[in-house]
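The following note sets out points for a colleague who is examining the model.

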Amino acid sequence: MNNFKNLRGTVDLLPDHLIKWQNVEKIIIEQLFRSSIKEIRTPILEMTELFMRGIGEGTDVVSKEMYTFLDRGERSCTLRPEGTASVARALIQHGISTKPSQKLWYMGPMFRYERPQAGRQRQFHQLGVEFIGYESVSSDIEIITLAWDILEKLGIKELNLEINTLGDHIDRSNFQKAFLKWLEVNKNSLDFDSQRRIDKNPLRILDTKDVKTKQILKGAPRLFDFLSEKSLERYLIIKEKLKLLKIPFIENSNLVRGLDYYTHTAFEITSGALGSQATVCGGGRYDSLISQMGGAETPAIGFAIGLERLILLCGNELEETRETDVYIVNKGTHAEILAMELSRKLRNYDLIIELDLSGASFSKQFKKANKLKSKSIIVIGDDEAEKNVFVIRLFNNDNSENKEETILIEDNLKLEKWVKSNLILDRNL
């Protein structure tokens with residue numbers, strides 16, 4: 001007996017767990033499809049330099065959390081910690097970052113070395129949406145609205161939207177100069193993590209969770225006071241349009257997000273049902289990222305949602321799955337072939353078919369069919385195989401037998417008529 005176990009911070013998603021995951025993913029993908037957003041898939045493994053340039057060397061993600069190693073060619077490789085940099089790299093590499101505006105989404109595993117807890121793992125799954133080439137304020141509104149609507153569609157409760165503006169790179173540069181002067185004076189009063197960030201990522205200090213540092217920061221210069229008229233006007237329009245769309249929001253002047261590439265709009269959607277780790281969705285505008293990575297000047301905005309946290313918040317109704325439509329009981333060599341042939345036909349009607357492969361007695365097969373709560377049972381034994389027929393037994397909701405019909409294997413018209421009238425009344429062929 002071996003003692004192999006999954007690595008700490010990774011989780012096996014077993015079939016029963018995946019029912020909820022698949023239902024959540026289906027709802028998300030349907031919403032994205034209706035919004036004319038197309039899927040993009042990028043490699044899980046990238047060059048380390050991509051994330052150092054794209055995310056920023058001073059961020060916690062790059063400095064503390066990445067899974068990085070040298071491959072056999074002595075190249076530094078990293079398991080992707082987020083998706084935006086990979087999408088930007090793909091667009092630049094394939095020469096499509098300068099093409100007409102694109103709306104893209106991705107979903108898949110990401111990797112960060114951090115302390116595992118409920119809804120946060122070292123291998124986690126993330127949905128990301130990126131609007132590439134969009135500069136207008138309307139794109140900010142649409143991306144926020146899309147994130148909000150996805151979460152509402154999933155039935156997430158106690159949603160709160162927090163927004164802020166980070167201004168453009170000139171606004172931020174002017175603020176950072178004043179903020180660094182203030183930090184020089186107040187450095188010793190800050191918590192250790194905030195002191196460490198002064199030289200690497202000073203804006204991230206504004207997003208500290210340390211209570212004492214939060215209190216001290218109330219006396220610090222405000223980014224809002226360094227915004228240009230153009231930046232302020234943009235922010236004002238966003239607030240007005242959110243009000244018109246009846247999406248409630250809170251202004252949070254300390255919301256800066258954790259990555260270097262954000263400009264102008266930054267936002268988070270939290271849920272009171274999650275406790276201290278309340279953030280479900282985070283996003284913002286990153287107009288300089290693609291050019292910083294070697295592409296053309298390309299405005300962009302996006303968001304990401306952690307699926308593990310989402311699954312924790314979704315209701316139990318998303319754990320429900322369709323029950324088996326038809327259970328095929330069969331016994332005997334010839335009966336088995338006929339059963340396989342029939343199962344292939346029935347699956348073309350979008351029915352869930354369970355073909356018994358056990359060769360067990362009829363009574364044992366019937367017990368399994370009842371356990372699965374099959375809507376109907378098909379029986380093919382030696383007698384049926386000899387006559388080239390099968391017997392269908394339909395059951396009521398209380399599992400009592402309703403009616404029985406015998407159909408020739410070749411009689412596709414009669415089979416289709418029976419299926420339509422008894423099993424797929426509420427679905428189109």
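**Notes on the predicted model**

1. S3 and S4 make a hairpin in which 5 residues lie between the strands, and Glu74 in the turn has a positive phi of about 60 degrees. Helices (H or I, at least four residues) and strands (E, at least two) are DSSP runs, numbered from the N terminus. The model is predicted, with pLDDT of at least 70 needed for local features and 80 or more for side-chain atom pairs, while totals for chains, interfaces and linings use all residues. Residues are numbered from 1 along each chain as its sequence is written, and side-chain values use heavy atoms, with hydrogens and water left out.

2. Two strands are said to pair if DSSP finds at least two bridges between them.

3. S3 and S4 belong to an open sheet of 3 strands, ordered S2-S4-S3, with antiparallel pairing. Its edge strands are S2 (45-47) and S3 (67-70), each of which pairs on one side only. From one strand to the next, the twist averages 35 degrees. Axes are lines fitted to C-alpha atoms, for helices over the stretch in contact, and angles run from 0 to 180 degrees between N-to-C directions.

4. On the S2 side, S4 (residues 76-79) pairs with S2 in the antiparallel sense over 3 bridges. Here Met47 stands opposite Cys77, and Leu45 has Leu79 as its bridge partner.

5. A further open sheet has 8 strands in the order S1-S5-S6-S11-S10-S9-S7-S8, and its pairing is mixed. S1 (38-39) and S8 (250-251) stand at the edges with a single partner strand each, so one side of each is left without a neighbour in the sheet. S7 (residues 159-165) pairs with S9 in the antiparallel sense over 7 bridges; Glu162 stands opposite Glu268 in S9.

6. H9 lies across S7, S8, S9 and S10 (279-285), and runs at about 160 degrees to S7. Contact means heavy atoms within 4.5 Å.

7. The axes of H1 (residues 15-34) and H5 (residues 137-153) come within 10 Å and cross at roughly 145 degrees. H1 passes H5 in a right-handed crossing (left-handed if the near helix is turned anticlockwise from the far one by less than a right angle, right-handed if clockwise). Ile27, Ile28, Gln31, Leu32 and Arg34 of H1 meet Leu146, Asp149, Ile150 and Lys153 of H5 in this contact. By class, the contact has 5 nonpolar, 1 polar and 3 charged residues. Ala, Val, Leu, Ile, Met, Phe, Trp, Tyr, Cys and Pro count as nonpolar, Asp, Glu, Lys and Arg as charged, and the others, Gly among them, as polar.

8. Which residues lie nearest the centre of the second largest pocket? They are Glu135, Asp168, Lys230, His264 and Asp287, from a lining of 17 residues. The elements giving two or more residues to this lining are H9 (229-244) and S9 (263-271), and H9 gives the most, with 5 residues. The lining has 3 nonpolar, 6 polar and 8 charged residues. A pocket is an open set of points on a 1 Å grid over the protein atoms alone, where a 1.4 Å probe fits, with protein on both sides within 12 Å along at least five of seven lines; lining residues have an atom within 4 Å of a point.
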